[in-house]
Amino acid sequence: WRAVMLAGNWLRRFHESSGITQAPLDAQRYRNLLATRIAAAPAACALLSADPLWIAALRRFEQQATVLEGRPVGSTLTHGDFTSTNLLLGAGRVTGIDLWAHRRSPAVDDLARMFVYLAMGDPLPFTARLRPVPLEARRAMQALFEGYGADLAAELDREVWRHVVLYETLARWVALAGRLAQRASFTESWKRGGLRALVRTILDD
């Protein structure tokens, strides 16, 4: 958990280096990104269209997007691909690397992406794990936010957080479903289990 906290602390410093300002949420952007992923993965769509959990999650995502469009959010220069595989750990510090996808967007984008990857079992680069182990979602969120120094209720909009987490979850689900349609490896099946558990948590929240 200390490594997750250190990752959150590095991200906060990265965001603050370019300044965090208020800007209206472009919820349509997340809709478009997800629609593009779905259109590019017909095999995945065939699997997902018969899954009641996917249908319920996608419906919730669309409802949230309508309500949250234009909501003020903290915007900054984001990493763009802030996952555990883009971190280096050394001397008790974490450093983000591979900034090719950096862009100006809501700060919550980076936090949500890291959270979803941890919750679905993305391997931590600073452990000797040979297989993915999903972290308990709420504890992962607490450690990440403690390191970032953010109070979800005070600094970040809880509804926006849930919406972006749901977007990242659905996007990862489409990618995994596409691979599972071709071959069901142990790792991908394990990650799908982590994603489904996370979706249930979001829908029940």
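Mentor: In this predicted model, the side chains of Arg196 and Asp51 come together in a salt bridge, with N and O 2.5 Å apart. That pair links distant parts of the chain, since Arg196 sits in helix α8 whereas Asp51 belongs to the loop between α3 (42-48) and α4 (52-68), 145 residues apart. Asp51 has a relative accessible area of 14%, and because buried means under 20%, this residue counts as buried.

A second pair to look at is Arg71 with Glu159, whose side chains meet in a salt bridge at 3.1 Å, again taken from N to O.

Now turn to Arg29 and Asp109, which form a salt bridge with their closest N and O atoms 3.4 Å apart. Because Arg29 lies in helix α2 (residues 27-39) and Asp109 in helix α5 (residues 108-119), the pair ties together parts that are 80 residues apart in sequence. The two partners fall into separate classes, for Arg29, at 23% relative accessibility, counts as partly exposed, while Asp109, at 5%, counts as buried.

Salt bridges can also join into a network, and Asp81, Arg113, Glu168 and Arg172 are linked in this way. For the structure, the count of salt bridges comes to 10.

As for the empty space, rolling a probe the size of a water molecule over the atoms shows where it is left. A search of the whole structure finds 1 cavity of 30 Å³ or more, and the volume of the largest cavity is about 190 Å³. Its lining is made up of 13 residues, of which Arg138, Met141, Trp161, Thr201 and Asp205 are the closest to the centre. Three helices, α6 (137-148), α7 (158-180) and α8 (186-204), each supply at least two residues of that lining, and the largest share, 4 residues, comes from α7. Sorted by class, the lining of this cavity holds 8 nonpolar, 1 polar and 4 charged residues.

Note on methods. Residues are numbered from 1 along each chain as its sequence is written. This is a predicted model: local features need pLDDT of at least 70, side-chain atom pairs count only at pLDDT 80 or more; totals for chains, interfaces and linings use all residues. Side-chain values use heavy atoms; hydrogens and water are left out. On a 1 Å grid over the protein atoms alone, a cavity is a set of points where a 1.4 Å probe fits but cannot get out, and a pocket is an open set with protein on both sides within 12 Å along at least five of seven lines; lining residues have an atom within 4 Å of a point. Grid points are joined across faces, edges and corners, and a volume is the space filled by probe spheres set on the points. Ala, Val, Leu, Ile, Met, Phe, Trp, Tyr, Cys and Pro count as nonpolar, Asp, Glu, Lys and Arg as charged, and the others, Gly among them, as polar. A salt bridge is a side-chain nitrogen of Lys or Arg within 4 Å of a carboxyl oxygen of Asp or Glu. Buried means under 20% relative accessible area, exposed over 50%, partly exposed in between (1.4 Å probe, protein chains only).
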